[in-house]
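Open your viewer and get ready to click along. We'll go stop by stop, with something to select at each one.

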Amino acid sequence: MLEKTRGIVLRTTDYGETSLVVKVFTEAYGLQSYIVNSVRKPGAKTRASVFQPLSLLELVVYHKDRGGLQRASEIRNFPPYRHLPFDMQKSSIVLFLDEVLNKVLQEGGEQQEVFEFLVSSLQLLDLQQPANPDFHLAFLLRLTRLLGFFPAGAPSEATPVFDLQEGVFCSQVPPHPHYLTGEECTAFGSLIEATNDFSKHLQWPLPLKRVMTERLLDYYRLHVPGFGEVRGHKVLEAVWS
């Protein structure tokens, strides 16, 4: 039976000479992989350009509960982005976020709250003029709330240390190397305050911004099994420079 759902493109893989397998985070079914035939043939009904990283889709699909490769009857960009594909800074942010989302989004069923957060955030980034260069930092920290490891507490004289492993501000350095103190702890606290405002610029020097991006990725590694290495932020650093 045909079903309609919205989706977000996460990854494409070549399948034969003219087709693609597209990994999509769907509103109705969570993570799914769809085979899309003949996208590189002249006059194709669906073009390969539809499947840019984090593009928003509307799909009509044949869904099988047993998993595996799924098939789609119709796929279109909806709504299409107005500015994002043509803005270097926004595109670099999207590539970085896409790399992270490929590592953290899980298979299995409807994940409505996460899906709505992603859609609304991406649409905001598309329309933001100019793009906030700190958008990705607030996005990733806000996403931790939906993934279940949003930081607890706030930096203060009584809690001058952030324990990355436990996800909490505390009074003493923990007995492991995963923690923030001093300027880094204060900066992490200011980032927490900025999570609900994607337009807020963090008044950090560039070296601190680079360090805090790394620390935030460390935080993900400690709380997402198999998270591994991320390289997209290096492109962001080039854009910042």
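Which residues are linked in a network of salt bridges? Select E184, R215, D218, R221 and E229: these are the linked ones. A salt bridge here is a side-chain nitrogen of Lys or Arg within 4 Å of a carboxyl oxygen of Asp or Glu.

Before we move on, some ground rules. This is a predicted model, so local features need pLDDT of at least 70 and side-chain atom pairs count only at pLDDT 80 or more, while totals for chains, interfaces and linings use all residues. Residues are numbered from 1 along each chain as its sequence is written, and side-chain values use heavy atoms, with hydrogens and water left out.

**Stop 1: salt bridges**

Next, pick R6 and E116, whose side chains meet in a salt bridge at 2.7 Å, N to O. R6 belongs to strand β1 and E116 to helix α2, so this pair ties together parts that are 110 residues apart in sequence. R6 has a relative accessible area of 27%, which makes it partly exposed; E116 is partly exposed as well, at 32%.

Now try R40 and D14, another salt bridge, at 2.6 Å from N to O. R40 is in the loop between β3 and β4 while D14 is in strand β1, so the parts tied together here are 26 residues apart in sequence. R40 is partly exposed at 40%, but D14 counts as exposed at 53%.

**Stop 2: the barrel**

Switch to cartoon view. Five strands close into a barrel in the order β1-β2-β3-β5-β4, with mixed pairing. Two strands pair if DSSP finds at least two bridges between them. On average, neighbouring strands of this sheet are turned by 55° against each other, direction ignored.

Color β3 (residues 30–36) and β5 (residues 70–77): they pair in the parallel sense over two bridges. Click I35 and you'll find R71 of β5 standing opposite.

What lies across the strands β1 and β2? That's α1, running at about 105° to β1. Helix α2 lies across β1, β2 and β4 (56–62), at about 70° to β1. Such angles run from 0 to 180 degrees between N-to-C directions, with axes being lines fitted to C-alpha atoms, for helices over the stretch in contact. Contact means heavy atoms within 4.5 Å.

**Stop 3: the open sheet**

Select β6, β7 and β8. They make an open sheet in the order β7-β6-β8, with antiparallel pairing. The edge strands, each pairing on one side only, are β7 (168–170) and β8 (179–180). Three bridges join β6 (residues 161–163) to β7, and D163 has V168 in β7 as its bridge partner. Show α4 as well: this helix packs on the sheet, touching β6, β7 and β8, and its direction makes about 140° with that of β7.

**Stop 4**

Select residues 135–147. This is α3, with 13 residues, reaching 18 Å from its first C-alpha to its last, close to the 18 Å expected (1.5 Å times one less than the number of residues). Its buried residues include F135, L137, F139 and L143.

Nonpolar side chains tend to be buried together in soluble globular proteins.

Finish on F188, which touches residues including L141, P151, F162 and M212.

Technical notes. Helix = DSSP H or I, 4+ residues; strand = E, 2+ residues; numbered from the N terminus. Buried < 20%, exposed > 50% of the residue type's maximum accessible area, 1.4 Å probe, protein only. Lists of a residue's contacts leave out its neighbours within four places in sequence.
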